[in-house]
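Reader: I have a chain to look over. Can we go through it in short steps?

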Amino acid sequence: MKVKPIFLIKLIVSTGILALVLTRMDLYQVWVQFQYLSPSFIIFALLFYTGCQLLSCWRWQVVLWSSGHSAPMSSLLSSYFAGMFLNIFLPGALGGDVYRVYRVAQSTKDSEVALVSVFLERFTGLAALSGLAVIGLVPAFKLIGRWDILLLFAACVGSLVGAVLLIASPKLLIWAEPWLIKFRLSSVAARFAKIQILLRTFAQHRQALLLSMGLSLLLQLAIVYYHYLVAHQLKIPISYLELLVFIPIIVVVTLLPISLGGIGLKEGLWAYLFSRIGLSVEQALLLSLTITVLGWMLSLPGAVVLLLDSTGFQQVRQGNK
């Protein structure tokens, strides 16, 4: 099978950054600090993140209710776990989202509503992350004080807010459309136009919109707190406000299609940000890998869900061809 050049480039970027980080750290020190993770804390962390997933499911239910449909919380939660498991092997969240669309379509009997609900759930999360990034502007200037991080953070905030406005504003899309066409992104413009119709329909349900946005903001704050709890357990001296600045940067930069699902790029970015506030490369990699491993552990129930739903797994495979 012929390997696509873009895949090869992403592989080189991911492995190259990982190799650079690993050659500049003391793995023994990482192992020593990793042992601060007690079994009781691991269980607590997994339960805490499961709570975050329940918030996501509640937000998803609100979106479905606004369209006149519903799905059991158990079905939504199991599809989230299955999506997390698939994303281990299909970096970029595409496989997980395709499966979630498939599962909710089984409950609603409407594939279009299922697709729209997954998108709107993602969009409200993006909008909340934008708000969180704006909130982080104050601690960014007061706590960090590094011009390079401030510029990077400002660029990420601008990207998040710009993406939300481009998706939500017809006028801005009309202005940007010639540029999108110029860069051969006319399909993106057409897709955004369809999305805006969906958003206008959803926006008519103001109570659902406000509740969804509120849940999204609460979810993003909880995810930052989850990172803070893990860092505190690992004896990494980083504050909640510093993570409030760093996490939007990590999310935005790792969305760039220059690596394999952010692998390597995420670790390198954590290392860079930590070094700018006086923390070590070892601490950066320790936090990044611990969050990743805990995510893998939490996704294990998703493997069971997929085993019990082999048809859904085939659906995901076909959707990614």
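Reader: Is V32 buried, partly exposed or exposed?

Author: This is a predicted model. V32 sits in helix 2, residues 27-34. Buried means under 20% relative accessible area, and exposed means over 50%. V32 has a relative accessible area of 35%, so V32 is partly exposed.

Reader: How many residues apart in sequence are V32 and L234?

Author: In space, the two C-alpha atoms are 9.8 Å apart. In sequence, V32 and L234 are separated by 202 residues.

Reader: Is T50 buried or exposed?

Author: T50 belongs to helix 3, which covers residues 39-66. The cut-off for buried is under 20%. T50 has a relative accessibility of 18%, so T50 counts as buried.

Reader: Which residues does T50 contact, leaving aside neighbours within four places in sequence?

Author: Contact requires heavy atoms within 4.5 Å. With those neighbours set aside, T50 touches F81 and L298.

Reader: Why is helix 4 largely enclosed by the rest of the structure?

Author: Helix 4 runs over residues 73-89 and reaches 25 Å from its first C-alpha to its last. Its buried residues include S75, Y80, F81 and L86. Helix 4 is largely enclosed because the buried residues number twelve of 17.

Reader: What share of the chain is buried?

Author: The chain has 15 helices and zero strands. It exposes about 16,800 Å², with carbon and sulfur atoms supplying 70% of that area. Of the 321 residues in the chain, the buried share is 46%.

Terms used
Residues are numbered from 1 along each chain as its sequence is written. This is a predicted model: local features need pLDDT of at least 70, side-chain atom pairs count only at pLDDT 80 or more; totals for chains, interfaces and linings use all residues. Side-chain values use heavy atoms; hydrogens and water are left out. Helices (H or I, at least four residues) and strands (E, at least two) are DSSP runs, numbered from the N terminus. The expected span of a helix is 1.5 Å times one less than its number of residues. Buried means under 20% relative accessible area, exposed over 50%, partly exposed in between (1.4 Å probe, protein chains only). Accessible areas come from the Shrake-Rupley method with a 1.4 Å probe; for residues, only the protein chains shown count as cover.
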